Protein chains: 4
Amino acid sequence: MGGNTFGKIFRMMSFGESHNVAIGVVVDGVPAGMPLSEADVQRELDRRRPGQSIVTTPRAERDRVEILSGVFEGKTLGTPICMLVRNVDVDSSPYEAIKTKPRPGHVELPYWLKFGHIDHRGGGRGAARETIARVAAGAIAKKLLAAHGIEVLGHTVEAAGVAVGREVKPDEIRKNVEKNPMRCADLGVAERMKEEVLKASEAGDSTGGVVEVLALNVPAGLGDPVFDKLDAEIAHALMSIGSVKGVEIGAGFMATRMRGSEMNDPLALRRGKIVSLTNNAGGILGGISTGMPIVARIAVKPTPSITKPQRTVDIARMEEVELKLKGRFDPNICPRIVPVAEAMLAIVLADQMLRAGKIDPNRFEVRK
Amino acid sequence: MGGNTFGKIFRMMSFGESHNVAIGVVVDGVPAGMPLSEADVQRELDRRRPGQSIVTTPRAERDRVEILSGVFEGKTLGTPICMLVRNVDVDSSPYEAIKTKPRPGHVELPYWLKFGHIDHRGGGRGAARETIARVAAGAIAKKLLAAHGIEVLGHTVEAAGVAVGREVKPDEIRKNVEKNPMRCADLGVAERMKEEVLKASEAGDSTGGVVEVLALNVPAGLGDPVFDKLDAEIAHALMSIGSVKGVEIGAGFMATRMRGSEMNDPLALRRGKIVSLTNNAGGILGGISTGMPIVARIAVKPTPSITKPQRTVDIARMEEVELKLKGRFDPNICPRIVPVAEAMLAIVLADQMLRAGKIDPNRFEVRK
Amino acid sequence: MGGNTFGKIFRMMSFGESHNVAIGVVVDGVPAGMPLSEADVQRELDRRRPGQSIVTTPRAERDRVEILSGVFEGKTLGTPICMLVRNVDVDSSPYEAIKTKPRPGHVELPYWLKFGHIDHRGGGRGAARETIARVAAGAIAKKLLAAHGIEVLGHTVEAAGVAVGREVKPDEIRKNVEKNPMRCADLGVAERMKEEVLKASEAGDSTGGVVEVLALNVPAGLGDPVFDKLDAEIAHALMSIGSVKGVEIGAGFMATRMRGSEMNDPLALRRGKIVSLTNNAGGILGGISTGMPIVARIAVKPTPSITKPQRTVDIARMEEVELKLKGRFDPNICPRIVPVAEAMLAIVLADQMLRAGKIDPNRFEVRK
Amino acid sequence: MGGNTFGKIFRMMSFGESHNVAIGVVVDGVPAGMPLSEADVQRELDRRRPGQSIVTTPRAERDRVEILSGVFEGKTLGTPICMLVRNVDVDSSPYEAIKTKPRPGHVELPYWLKFGHIDHRGGGRGAARETIARVAAGAIAKKLLAAHGIEVLGHTVEAAGVAVGREVKPDEIRKNVEKNPMRCADLGVAERMKEEVLKASEAGDSTGGVVEVLALNVPAGLGDPVFDKLDAEIAHALMSIGSVKGVEIGAGFMATRMRGSEMNDPLALRRGKIVSLTNNAGGILGGISTGMPIVARIAVKPTPSITKPQRTVDIARMEEVELKLKGRFDPNICPRIVPVAEAMLAIVLADQMLRAGKIDPNRFEVRK
């Protein structure tokens, strides 16, 4: 059963394999009349692109997006928006040598077990290139949210064992994230992260980390209990990103060691509005947004592609072999996951805003 | 937008509020001809029931299930199965006093912000009683899975800061979990957990913990990339349980500090079958099951209802007040979440087994 | 794959078999705060009930509805509403004799081919009693629509070959339909219909007819092209009713013999509003409501249960046999289908109103 | 709410507007390993193309399909298949003159009322070009069905008031349909149809008709009562095609004038198999396929674009005006709807075959 559709009203269907013709996505449910250009989408895609720094793979993928439908004279039509990125200069030859040797920790083996074949060319549908579709759809979601005052931010809070270890202000994120290759909001910590990442990389190894995403100015009342709670859908969306092994909201796993009296966010009045004095809930209680910032973190595992020798099985000969990958891989995927995680959070929120009747489903209008 | 449906083929819709007439669930998509009795469901419900031990609330809820449809002469008909549990001896009077004073960390405030009213009587739809529906549906899922050789297990791995801290064997879980009030697989650790839980409870406070669920003998190939990956759906299902603030698969957040060479599970041949020598992946790679055990853990926050005084806002008068709850509450919810988490995992797997064509959707048959 | 869910936002899941414990439905997606009582639902159920007249079966089914959830102090909570009708005084013994002899034109054979069993007791899930769930859900939909000014009407326009043959005014429908056993808006025609129905009935035979449903005051802009067009969803909803073999919108099959210049409804201005001077479109163009009345008609086949001898196959012995049914059956099902068809149209419209943002999904408010 | 997704397992999302960049569709849920080429799809698209005969519009649309994903080395990958047809030589200038004058019977007005704008360029998303996506997806569905022995056929049974008026054999359809511009299975009738169509066309007018689609060799047991019955989904699919105002199954509206003893198809044994001696049911009882041929007919209204003067409203000036269209339009759309209706029926059946577990969802294999 195909699992390539996401969202109920703001709904996308993505397609495309690495090393095949193209990657793309169709986004349905965007109200008519919203200004949208290819440049809006390209800006986000450029953040996702590899080769931006020494901690990510130096492959120069030129990912130019083309909008094929749903936009006319610079505005959305209310019809599905198809966005396409062609795969150019694809070289699948390095993958020939490992065609029958699934990489440990990678998608080849389970794809083979499921579909009876391996699309060995760079991971096919299981490759990171698939996230182009998410980022493109996320760009539209972000634009729609921004018109309603909602901002989505992301940053690396830990990488290769080096953690920021303190709360950072939204302004630090806005100011610093694009200034360093780790997409960390603390420039000093970023430097140490980078050192540790490179140290592992030089040893032919990879590292993981933790990425945090936030949404500011989200109205109270989003989320559909009891199964489509806001946190449940955020968990679904973020866990669906490759390499993610955990998701937590607010205090998350830290909450397990707190007492109720510490965890419960006290309620108070500020300028006639009910607020909580802390935000251990991460902006969500009972699956419904409270009006406080939404805060989610994801556990990013170390990139599975490493040059150190690994044990695997040659599935053609059914014998154990040693695998020695050649080439250059992302030593740490966290900085590239930041825009993808932002996109997925934005998509969930755009969908929930529409479902909660807070965005008109047919006609775009900026609400104050 | 109602969010009370879950699953694509094995699909349930749940209903009911605490302190209203009844809680129930309709389960659609169960093949015809599967033996099913109320006793099958009651067994699981009894595990969820409060009042089983000193660490859970002593309210004596008699939760008798009645099957209203979908079963005839002891076998499923292939039609929707409605299961009903009436709420009996409901006393909403304790909630009158706090009617306009939302409990911090609780669902009342966000429900009020969303729907414009508070169903103050024991939390209404946001109360833990809602999980009766999950456990009842899960009982059917478990039975269907068991006929196909799949076993689902759950246990508390940490509570009130006391952790098991070692891998436990499935046999320990099977043997010990129902022998202690914490539903911990290690009886010694269980004892210490209980002590810490009671210590906090005596101080008018509550504690959290970590629950682990496993599925054994799951075939490779379940999961629908890229959005309905197996881990994404498990995260959705588990995060939708009240009080859960985090979900992790396999090594989870530990993976963020490992290197690729440690995290990647080496592949090998054992009796002609490809296996991994470790299971950091938790049985899922690229969103598809690998044939290794599925392992997921959830972060359970401390129960929000505590007797310690707390700051809140009276929403009728719009003024800050102190809230002092009376009564007895679950000092630690982990043991009662164990069967709920098992149920949700079983529901996801039953649905995925059907979607992968590994269970016939129309006619029940035991496959070897 | 269970097919017992209908609707996207206003969503119901129905359950229950004739001659089993109960029939019921859960309705999700109803905004909080709408007044709703069991009497509101009972009124519609009473119209569906058999035994109301000589042209329908004289079985006295007492169908008392009980609301189990989603309503508190006379108002909806925004949570799922479960409505239950118990099957009482069920006598399945008449069906014992024909247990292995599927009735021609009836559901037993296909159910057996699909599920491997026959729930022979009065048709099980395939029986007309299933429509109780539709009518109950429809009662809620109608109430929600009425609060937004939309009225749904139904009437028999042809039965046993006797047709009304002229356009009737909404007022005739409102005034006359409940005054005659055929639910026909023209009392003279109704009389002739009844005579023809009884004539066939006395010959041990049954008759069919045509039922029309209308919705007045539907705003323009409902319908989601290109697959969830308003007419496509109405066709889906109406064709899902047992015994319906055709659906048409506006001029319907008559349109096939018209020329474009006759069919196209001319546009004009009336009091500053764009209207069409005719309504061959039946209120829907390009799958979107135009603001004119929605008009749909369904082809109702003659009731398959007849007392005339029929050829069938004994599936236990696999031999051809003659089947001679005893008992009293509906000689003409049209009048009982009227409230069911109204219900399905109301459900589609309530869902579309929510999807189009014309009804707030969370909080009920009467809009002018 | 976007309505551009169709199907549950075999699921498509279509996109694109007439006179914009491209039309396309993404098809998810196709098993891996099925042979598929652009030629397979092109063949069906060529049947849909205008300009094939004097009864359809002479515009020469070159509709070349490109497969962008989901196929590798001539076989499907189990991943979504995106198919794209670029709009070439688009000339929107003829539409400038009628930009603010919605054509009666056409989609412009309801689109404007819904989305607040008119994509006047040839109807935009509401134009017949949208059906390219349906036909492309249908080509895949047909291929999948053919591998499982199921054949889908379509033909015009009435046009411009000229009806075939007798049952035609599948062989006549296979042999004659592509031999005449009306896609009629009876060549003599086809000639008379054409004459009547041209007569109306010369008078600046258009005509409608009836198209029949059949599916042969469909196994018993498809269809998911009570809402996703096979006939309900076929009605949904066919009614979603532009210009369709009615759908009927088997005897359809004729059934309303039959008695039960005529309508009920008698059951008998033929070579040890239960068959019905007639097929008034059109292969579907209780929403489930019986094993007999599936038969559905649709009412096609006369093409709304005619050159005769019509009354409309200038929505910019809000005044009544006369509209006089120039150019050449399809005088009768039936022959072009034949492949579209076949496609929609094939898509419903492919989806239902997968849902019924009769096609493996992951790996393609030809079953005997």
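These legends cover close-up views of a predicted model.

Residues are numbered from 1 along each chain as its sequence is written, chains are lettered from A and ligands numbered from 1 in the order in which they are written. In this predicted model, local features need pLDDT of at least 70, side-chain atom pairs count only at pLDDT 80 or more, and totals for chains, interfaces and linings use all residues.

**View 1. The contact between the chains.** 91 residues of chain B touch 91 residues of chain A (contact: C-beta atoms, placed from the backbone, within 7 Å). Helix H7 (residues 230-239) of chain B gives the most to its side, with six residues (helices, H or I, have at least four residues and strands, E, at least two; both are DSSP runs numbered from the N terminus). The side of chain B has 40 nonpolar, 30 polar and 21 charged residues (nonpolar: Ala, Val, Leu, Ile, Met, Phe, Trp, Tyr, Cys and Pro; charged: Asp, Glu, Lys and Arg; polar: the others, Gly among them).

View 2. Strands E11 (residues 244-249) of chain A and E11 (residues 244-249) of chain B pair in the antiparallel sense over three bridges (pairing: at least two DSSP bridges). A:Gly246 stands opposite B:Glu248.

How values were computed: Two residues are in contact if their C-beta atoms, placed from the backbone, lie within 7 Å.
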